Amino acid sequence: MDAFVLEYSPRTGEVSTSALAQCWNMAFERCSPVRQFASYRGQTNFPGWWWMATTGDHVGHESWLERDHLIVLDADPDVIGVAAQPFWIHWRDEDGRLRRHAPDFFARTRDGGAVVIDVRADERIAARDAEAFEATGRACAAVGWSYRRVGALDAVLSANLRWLSGYRHPRCLRSGLAAELLAVFAEPTKLLAGASVVGEPIVVLPTLFHLLWSQRLVIDLSSAILGPSTLVSSR
């Protein structure tokens, strides 16, 4: 563990460098990115900022694939904080050369745990990238963090989450309608039929979609694209 050193930037803008053994309990989910998100004419990736309903903050991403994984984190009720490019991790490779790597995301979970995430499509992992991911995994294991290297999402899951994310803001929730919907879907019921029991669908559906986003109502997100006949039930 002492072989790994982290360089990070608290929100104050200061840059700190510490051995992983000394700073592993830092609130990295509240740190600023350690490097800029590149934006230039002709680039093929699409950087941007995702507004996290979980925290009310914006989190940067460098591609649509990273954005899709941010949506997954935002929709996860066990995640309470996320930061992009949270730190540089420094180490020496087997040949003694200094290496560094900035993971894409750091997520804090409700139980106090931590998840470090690298987003890279399988076909875009070069040998040097694989070495960096392996070293990052070892560093995380040394302090009890989870580590994930994730690639392309299931297309159906991604499409459903992107749709529901459009209703993630609390303004979409009407508490009176929510209570009625939870009662209607106490038993599995088709989406549009259940919404129609409560009221005019154009009025009811934003609250229904918000409840699905927050997982107070549930569907099988991976089996089929969300539609009028999707079976919905309360938790």
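## Basis of the report

The model is a predicted one, and local features are described here where pLDDT is at least 70.

## Packing of α6 and α7

Two packed helices are described by the angle between their axes and the distance between the axes. Helix α6, which spans residues 191–198, packs with helix α7, residues 201–213, at an angle of about 120°, and their axes are 9 Å apart. The crossing in which α6 passes α7 is right-handed.

On the side of α6, the contact is made by Leu191, Leu192, Ala195, Ser196 and Val198, while α7 contributes Pro201, Val204, Leu205, Leu208, Phe209 and Leu212.

## The buried face of α6

Within α6, the buried residues are Leu191, Gly194, Ala195 and Val198. These residues lie on the same side of α6, because they cover an arc of only 100° around the axis. The elements that cover them include α5 (175–184), β11 (189–190), α7 and β13 (231–234).

## The buried face of α4

Helix α4, residues 155–165, has Leu157, Ser158, Asn160, Leu161, Leu164 and Ser165 as buried residues. Seen down the axis of α4, they fall within an arc of 165°, and they therefore line one face of the helix. Against these buried residues pack β3 (48–51), α2 (64–75) and α7; helix α7 is also named among the elements covering the buried residues of α6.

## Two glutamines with positive phi

Glutamine 85 is not a glycine, yet its phi is positive, at about 45°. This residue sits in the loop between β5 (79–84) and β6 (87–92), and, with a relative accessible area of 1%, glutamine 85 counts as buried, since that term applies under 20%.

Glutamine 215, again not a glycine, has a positive phi of about 65°. Its place is in the loop that lies between α7 and β12 (217–218). With a relative accessible area of 25%, glutamine 215 is partly exposed, whereas glutamine 85 is buried.

Definitions and conventions:
Residues are numbered from 1 along each chain as its sequence is written. This is a predicted model: local features need pLDDT of at least 70, side-chain atom pairs count only at pLDDT 80 or more; totals for chains, interfaces and linings use all residues. Side-chain values use heavy atoms; hydrogens and water are left out. Axes are lines fitted to C-alpha atoms, for helices over the stretch in contact, and angles run from 0 to 180 degrees between N-to-C directions. Helices (H or I, at least four residues) and strands (E, at least two) are DSSP runs, numbered from the N terminus. A crossing is left-handed if the near helix is turned anticlockwise from the far one by less than a right angle, and right-handed if clockwise. Contact means heavy atoms within 4.5 Å. Buried means under 20% relative accessible area, exposed over 50%, partly exposed in between (1.4 Å probe, protein chains only). The arc is that of the directions from the helix axis to the C-beta atoms.
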